Amino acid sequence: MESRGVPPGPYRATKLWNEVTTSFRAEMPLRKHRQHFKKYGNCFTAGEAVDWLYDLLRNNNNFGPEVTRQQTIQLLRKFLKNHVIEDIKGRWGSENLDDNNQLFRFPATSPLKTLPRRHPELRKSSIENFSRDKDSIFKLRNLSRRTPKKHGLHFSQENTEKIKKKIISEDQENSVDNREISQEDVEEVWRYIILTYLQTILGVPSLEEIINPKQVIPQYIMYNMANTSKHGVVILQDKSDDLPHWVLSAMKCLANWPRSNDMNNPTYVGFERDVFRTIADYFLDLPEPLLTFEYYELFVNILGLLQPHLERVAISALQLCCLLLPPPNRRKLQLLMRMVSRMSLNVDMPKLHDAMGTRSLMIHTFSRCVLCCAEEVDLDELLAARLVSFLMDHHQEILQVPSYLQTAVEKHLDYLKKGHIKNPGDGVIAPLPTYSYCKQISAQEFDEQRVSTSQAAIAELLENIIKNKSLPLKEKRKKLKQFQKEYPLIYQKKFPAMESETALFGDRPTIKQPLLILRKPKFRSLRY
């Protein structure tokens, strides 16, 4: 069952809740049931509800095939608590529901959650402020420096100037009358460029309901771009913000299992489970998720791009969003994703749970450590599981540094330096650099393009067979006959009539008559 699609915007988790509850109420099969010698109409058992909802969630692009049956039961318990369903006697408000034959029904009305609305004046003010900031990017403002939120991260003077010097040094000697670029200008350009790219990738008219521009801290982006190891992992200047040594050792142990060269592994049974619990306890005790509370709406909105035909869009958007994270959070996320990905693919990894496989256990354990809302949201666990599953599969691309972003900032700063200087002789003002993006298409357009592209490739294969002069005639006939059997429509389009196929091989050779024809003698009858 396909997702109806919830457009990007604020309170997307609440909108998804309303979508799922509406689908469940409208499409869940109802029938008569007998219980304790009594018949009940228009109801369903808990087991039937689990089966149906489990299938719905697994086939919904917002949640995906990683949804477990236990998570489905948890969601049904929330349905019971919020009076989406009630037991056959009309009781609700608790979470007393298990995967059994207990009977439930729908109440007369299904309450949908209301969406909080921002005050019109506040929204208008937000739009005006962002527009004013956007326009003034081109005016070389000397803005007041914004201090990053305190995460115990110390930016050394060498690192804070590193990117700035790299960006403005190329044209320093050859430029004439260039205007001075301040550190504040560089930071504002980084903010503007990353928001511009993000808005274009997501295909939304505005980001103001998804993320506040003031939430984008340029110092974090610049640090995450400049301070990386050869593997692309953020290197922290202040080691007090790093993972404790014992956690790093435990993570290396499981990531490299059984070839861990960081510690001497004990040999007692269950050692790997104890190591895993140690790592899980550390991440579960963090004060906030790795993607932070303030970016919750941003990442939940990107979850709606997690569809087969939008996979590249989702990767590009997540790549930019992860650059916004405080460097300690980004480093922890990188190391965690590297570990869980390796463990999930490691065939030598001992079983860490009696009922769940390694991949399911990784997602179930760490999903809430990666993404959750400051206020409890009913779909938090399912949304987080979907995101972590995607991160595990694509973490190498998502968490690498995008080189095109650095290039875009350099071009923009060059415009700021020279944009108001007339080119010699023609009096033309230097134009603003333009950026090209991939156009987002619908699922139907994707399917049509996929079919047309495949057919074009198959038709090209047919042409190669026809034009291959080195292929013996007998072998060519054999291949064409096989092609006609596999792709009859494409073959018929190429050879609409028998004459066109005959023309390919030329006229068949006529059978020559023998040079000497011996006529058989006629035997006359001996009778007279």
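Predicted model: local features only at pLDDT ≥ 70, side-chain atom pairs only at ≥ 80, totals over all residues.
Two residues are in contact here when heavy atoms of each lie within 4.5 Å.

K332 touches D241, L243, Y282, F283, L286 and L290, leaving aside residues up to four places away in sequence. This lysine sits in helix 12, and it is buried yet without a salt bridge. Which side chain of opposite charge is nearest to K332? That is D242, 6.3 Å away, and a salt bridge would need a side-chain nitrogen within 4 Å of a carboxyl oxygen. What the side chain of K332 does reach is the backbone oxygen of D241, at 3.2 Å.

R331 has a relative accessible area of 14%, so it counts as buried. Its contacts, again not counting residues up to four places away in sequence, are V233, V234, L236 and D242.

The structure holds 14 aromatic pairs. A pair of aromatic rings is described by the distance of the centres and the angle of the planes. Take Y197 and Y404: their ring centres are 5.1 Å apart and their planes meet at 50°, so this pair is tilted. The two tyrosines come from distant parts of the chain, 207 residues apart, with Y197 in helix 6 (residues 183-202) and Y404 in helix 15 (residues 403-418). Y197 is buried because its relative accessibility is 8%, whereas Y404, at 30%, is partly exposed. For Y282 and F283, the centres are 5.4 Å apart and the planes stand at 85°, so the pair is edge-to-face. Both of these residues are buried. Elsewhere, ring pairs link W17, F24, F44, W52, F79 and F106 into a cluster.

In soluble globular proteins, nonpolar side chains tend to be buried together. The largest nonpolar core here has 122 residues, and those with the most contacts inside it are F24, F79, I85, F283, L333, M337 and F366. Helix 6 gives the most to this core, with 11 residues. F24 touches F44, A49, W52, L53, L76, F79, I85 and F106, once residues up to four places away in sequence are set aside. Apart from this core lies another, of 10 residues, including I458, L480, I490 and Y491.

Now for the chain as a whole. It has 19 helices and 4 strands, and buried residues make up 45% of its 528 residues. Among contacts between residues at least 6 apart in sequence, 68% join residues at least 24 apart.

Finally, some backbone details deserve a look. Most residues other than glycine have a negative phi, and most peptide bonds are trans. The peptide bond from W257 to P258 is cis, with omega near 0°, and P258 belongs to the loop between helix 8 (245-255) and helix 9 (271-284). F37, though not a glycine, has a positive phi of about 60°. It lies in the loop between strand 1 (31-35) and strand 2 (38-45), and its relative accessibility of 84% is why F37 counts as exposed. N42 is not a glycine either, and has a positive phi of about 50°. N42 is found in strand 2 and is exposed, at 57% relative accessibility.

How values were computed: Residues numbered from 1 in each chain as written. Heavy atoms only, no water. Phe/Tyr/Trp six-rings, centres within 6.5 Å; stacked < 30°, edge-to-face > 60°. Buried < 20%, exposed > 50% of the residue type's maximum accessible area, 1.4 Å probe, protein only. Core = buried A, V, L, I, M, F, W, Y, C linked by side-chain atoms within 4.5 Å. Lys, Arg positive; Asp, Glu negative; His and termini not counted. Polar contact = N/O pair within 3.5 Å; in protein donor to acceptor, adjacent residues only side chain to side chain.
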